[in-house]
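This report goes through a structure by its strands, its disulfide and its nonpolar cores. Please keep the sequence and the 3D view open while reading.

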Amino acid sequence: MSDARQRRWVALGTSGVLMLWAGALLLSHGACNSARKPMESPASSSTRALRTDPPATKNGLAPVTRGQLHVTEGQVENLQEEEEQDGTQFAIEGPRQRAVVPETTGDEAELRFTWLGATSEVVPLASGQQREQVGLKLRARDGCNLIYAMWRIAPSAGIVVQFKSNPDDHESRECGNAGYTTVRPRFMEPLDRLSPGESHVLRARIDANVLTVYADGVRVWEGLLPPDALGLEGPAGMRTDNARVRFELLVPQAAGPTSHL
């Protein structure tokens, strides 16, 4: 056999050995992978956690049912098919609405609402001003002594906090527009004008003598309450003026003492 033919056969033999060796490695790697438990992706793990541990309430607050909501002025329509006293989603079509949640602490509340525009009938405030707004009542002893955290919609947008104090009066018809003090913020962010159909969240919380207001989860107002407001005790509630809304009101799960200095 010539030298050239010998070299050709040696090369062919070497190539065959290499191919067999590579095939054996591939088979061994596949067997190890089939025996090993597949690793779960981070996305599937987080999805399972969300399914198994859903939050029982929203931000530690519980939705108010129609049976808990005491309407002091205006009308509230139940939007759900449950029994009338069990629904937690409501509608307001009238120009003036006031409500409180008796036997609750008045230090915190949240209003989840969809603004649908102005009411067909527009009623000026007791001051004579014409305004569209939605808001929360805090420490509402009665209609003449309470704290308001209002989301003003028109004619200008923004958060306004007011303390209403009339120690000798207890019904709105007695005090009217008297006793209002606008609380000056130590921090405030401007708000954009709302568009009909938008959904938003207004939340207010009192810690000692500090009131903080959040809009859509963002801190937009913070200020010190006047000394007279610190002695107030009463439940949380809500208020609307000339605003058509769909809403859900949330309050702390259990009533507790009002936090004073």
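## Terms and basis

Buried means under 20% relative accessible area, exposed means over 50%, and partly exposed lies in between, with a 1.4 Å probe and protein chains only. Helices (H or I, at least four residues) and strands (E, at least two) are DSSP runs, numbered from the N terminus.

This is a predicted model, in which local features need pLDDT of at least 70 and side-chain atom pairs count only at pLDDT 80 or more, while totals for chains, interfaces and linings use all residues. Residues are numbered from 1 along each chain as its sequence is written, and side-chain values use heavy atoms, with hydrogens and water left out.

Strand 16 is mostly covered, with eight of its 10 residues buried. Strand 16 spans residues 243–252 and pairs with several other strands; two strands count as paired if DSSP finds at least two bridges between them.

Strand 6 (residues 108–118) is joined to strand 16 by eight bridges and runs antiparallel to it. In this pairing Phe113 stands opposite Phe247 of strand 16. Strand 4 (residues 90–92) is also antiparallel to strand 16, with three bridges, and Ala91 has Arg246 as its bridge partner there. Strand 1 (residues 61–63) is joined to strand 16 by three bridges, again antiparallel; here Leu61 stands opposite Pro252.

## Nonpolar cores

A nonpolar core is a set of buried Ala, Val, Leu, Ile, Met, Phe, Trp, Tyr and Cys residues joined through side-chain atoms within 4.5 Å. The largest one has 43 residues, and those touching the most other members are Phe113, Ile147, Trp151, Leu211, Val213 and Phe247. Strand 16 gives the most to this core, with five residues. Another core lies apart from it and has five residues, including Val100, Ala140, Leu146 and Met150.

What does Phe247 touch, leaving out residues up to four places away in sequence? With contact taken as heavy atoms within 4.5 Å, Phe247 touches Leu69, Val76, Thr88, Gln89, Phe90, Ile92, Leu111, Arg112, Phe113 and Met238.

Seven strands form an open sheet in the order 2-5-15-7-8-9-10, with antiparallel pairing. Strand 2 (70–73) and strand 10 (180–182) are at the edges with a single partner strand each, so one side of each has no neighbour in the sheet. On average, neighbouring strands of this sheet are turned by 25 degrees against each other, direction ignored. The axes behind this angle are lines fitted to C-alpha atoms, for helices over the stretch in contact, and angles run from 0 to 180 degrees between N-to-C directions.

Within the sheet, strand 7 (residues 132–142) and strand 15 (residues 237–241) are antiparallel and joined by five bridges. Gly135 stands opposite Arg239 in strand 15. Strand 8 and strand 9 are antiparallel with seven bridges, and they form a hairpin with three residues between them. Ala149 stands opposite Val161 in strand 9. Strand 9 is joined to strand 10 by three bridges, also antiparallel, and Phe163 stands opposite Thr181 there.

## Strand 9

Is strand 9 (residues 158–164) enclosed or open? Seven of its seven residues are buried, so strand 9 is largely enclosed by the rest of the structure. Gly158, Val160, Gln162 and Lys164 point one way, Ile159, Val161 and Phe163 point the other way, and all are buried.

Strand 13 (residues 210–215) is joined to strand 14 by six bridges in an antiparallel arrangement. The bridge partner of Leu211 in strand 14 is Gly223. The two strands form a hairpin with two residues between them, and Asp216 in the turn has a positive phi of about 55 degrees.

Strand 14 (residues 218–224) is also joined to strand 11 (residues 187–188), by two bridges and antiparallel. Met188 has Trp221 as its bridge partner in strand 14.

## The disulfide

The structure holds one disulfide, a term used for a pair of cysteine sulfur atoms within 2.5 Å. Cys144 is joined to Cys175, with an S to S distance of 2.1 Å. The torsion about the S-S bond is about -90 degrees, so the disulfide is left-handed.

The pair links distant parts of the chain, 31 residues apart: Cys144 is in the loop between strand 7 and strand 8 (145–154), and Cys175 is in helix 3 (residues 172–175). Cys144 is buried, at a relative accessible area of 0%, and Cys175 is buried at 6%.
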